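Student: I've got this model open and I'd like a close look at a single part of it. Could you walk me through what surrounds that part, and then link it to the rest?

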Amino acid sequence: MKVPENHFPLSLSPAYLNRKDKFAGADMITFDNVSFAYHSLRGETRAVSHLSFRVEPKSFVSMVGPSGCGKSTILSLIAGILSPQEGEIRYDSEKKPVIGYMLQKDHLFYWRTIWQNCLLGPEIQKTVDENTKTRLAELLKEYGLWEFRDKKPQELSGGMRQRAALIRTLILNPELLLLDEPFSALDFQTRLRVSDDIAHIIREQDKTAILITHDLQEAISLGDRVLVLSSRPARLIRDMPIRLTKSGNDLLSARNAPEFNGYFNMLWEDLKEETDNERNL
Ligand code: ADP
Ligand code: MG
C-alpha cells in the first residue's frame, strides 16, 4: 500500500527528504532582528520589533497574532514592498525568490472570464505563449475549474473564486506564497473545504508558504509550524513545530489528531495573555 505523501509531517515526508532542490538544507528566508515603524504626521507606529525567524524551503508556516499587531507588515517586508529599518532579511539564494501574494479578497476582475483572469499576470509580464496556456489548462483541470473557464467570477462560488485566485498566482510560478488571511471572507463550511484544498495544492506544487490567519484551528491544521506574534509591535513569542498523528488525509483528520487540542490550548493561552496585556496598557 502506498502511504499518502502528506500522511507524514512535512519534514519527514519522502518528498521532503528526497528533495534535490537548490535550497536543500538551507533556509529560504531569514529574519534577523528586524524592526519596522510607520511614520506619519501623527507620529510613529512601531509595527515590528526585533523579529527573528527562519523559513525552510517547501515548508508551510502559519502566523497568528492579535489584530493590528503587524502581520501584514511582515508580509510586505518579505515581499520587499517595505524595507526593515533595523536588522536584515536574508534570502538563501542570491536572488530573491519569486513571490506570489494571496489576499482576503480574490481581486478577480468581474469583466474577465476565469481563463482571462488567470492569464492576467503573464499578460502583464508579456510572457503568454503556448506553454503558459497548456500549464493553465492543466491547473484548471486539476483543480476543478476547467468547466468554468469561460465563466465570470461572479458566476462562481466563493471557494471556486479563491481557487481561481490561487491558480492566477501559481501560473507565475512563485517559489514563495504569501497568504494574508485568504479564507476569512468565506463562511465556515466553505472555509474548511477551501483552506484544505488550497493547502493541498500548495504542497503538491512544492511551494513554500506563509499563511496569516486569526483562526487557530486553521493555523494548526495547515501549518508545519505556527509562529505566535505579540501585540503591536510584533515580536515572536512562540515558534511551535506541529506534528499531528493523522488517521487520514481528509480535512478533519488533522483536527481530530490527538495532539491537536494541546496545541490549540497553548496558542489560545499565548494570545489571551497578549490581548490581556494590551487591555491593561
Ligand atoms: P495586522 O496585519 O497584524 O492586522 P498591520 O501590519 O496591518 O497589522 O498593521 C500594524 C500596525 O501598523 C497597525 O497599528 C496599523 O494601523 C499600522 N499601519 C499599517 N499600515 C500603515 C501605514 N501605511 N501607515 C501607518 N500605519 C500603518
Ligand atoms: Mg493584516
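Which residues does Thr-30 touch, not counting residues up to four places away in sequence?

Tutor: Keep in mind that this is a predicted model. Thr-30 touches Phe-53, Arg-54, Glu-88, Ile-89 and Arg-90, once residues up to four places away in sequence are not counted. Thr-30 sits in strand E1, which covers residues 29-40. The cut-off for buried is under 20% relative accessible area, and with 14% relative accessibility Thr-30 therefore counts as buried.

Phi of Asn-33 is near 55 degrees, a positive value in a residue other than glycine. That's worth a glance, because most residues other than glycine have a negative phi. At 34% relative accessibility, Asn-33 counts as partly exposed.

Now follow one of the contacts of Thr-30, Ile-89. Ile-89 is among the 27 residues of a nonpolar core, along with Leu-75, Ile-78 and Leu-227. That core lies apart from the largest one. Helix H2 spans residues 71-79, and Ser-76 lies in it. Ser-76 has 15% relative accessibility, so it counts as buried. Leaving out residues up to four places away in sequence, Ser-76 touches Ile-81, Leu-82 and Tyr-101.

Next, the largest nonpolar core. It has 30 residues, of which Phe-60, Leu-166, Ile-167, Leu-179 and Ile-202 touch the most other members. Two or more residues each come from helix H3 (114-118), helix H5 (130-142), H6, strand E6 (176-180), H7 and strand E7 (208-212). In soluble globular proteins, nonpolar side chains tend to be buried together.

Take Leu-166, which is found in helix H6. At 0% relative accessibility, Leu-166 counts as buried. Beyond its neighbours within four places in sequence, Leu-166 is in contact with Met-102, Leu-177, Ile-198, Ile-201 and Ile-202. Leu-103 is 63 residues from Leu-166 in sequence, yet the two are 9.7 Å apart in space, C-alpha to C-alpha. Ile-202, for its part, touches Phe-60, Leu-166, Leu-177, Leu-179, Lys-207 and Ala-209, again not counting residues up to four places away in sequence.

H6 (residues 158-170) and H7 (residues 188-204) meet at an angle of about 20 degrees, and their axes are 10 Å apart. H6 and H7 are therefore roughly parallel to each other, and H6 passes H7 in a right-handed crossing. On the H6 side the contact is made by Gly-159, Gln-162, Arg-163, Leu-166 and Leu-170; on the H7 side by Thr-190, Val-194, Asp-197, Ile-198, Ile-201 and Ile-202. By type, the residues of that contact divide into six nonpolar, three polar and two charged.

Two backbone details are left to check. Asp-206, in the loop between H7 and E7, has a phi near 60 degrees, a positive value in a residue other than glycine. Asp-206 counts as partly exposed, at 43% relative accessibility. A cis peptide bond joins Arg-232 and Pro-233, with omega about -5 degrees. Pro-233 lies in the loop between strand E8 (225-229) and strand E9 (236-241).

Methods: Residues numbered from 1 in each chain as written. Chains lettered and ligands numbered in written order. Predicted model: local features only at pLDDT ≥ 70, side-chain atom pairs only at ≥ 80, totals over all residues. Heavy atoms only, no water. Axes fitted to C-alpha atoms, helices over the stretch in contact; angles between N-to-C directions. Helix = DSSP H or I, 4+ residues; strand = E, 2+ residues; numbered from the N terminus. Parallel < 35°, antiparallel > 145°, perpendicular 65-115°, else oblique. Left-handed = near helix turned anticlockwise from the far one by under 90°. Contact = heavy atoms within 4.5 Å. Nonpolar A, V, L, I, M, F, W, Y, C, P; charged D, E, K, R; others polar. Core = buried A, V, L, I, M, F, W, Y, C linked by side-chain atoms within 4.5 Å. Buried < 20%, exposed > 50% of the residue type's maximum accessible area, 1.4 Å probe, protein only.
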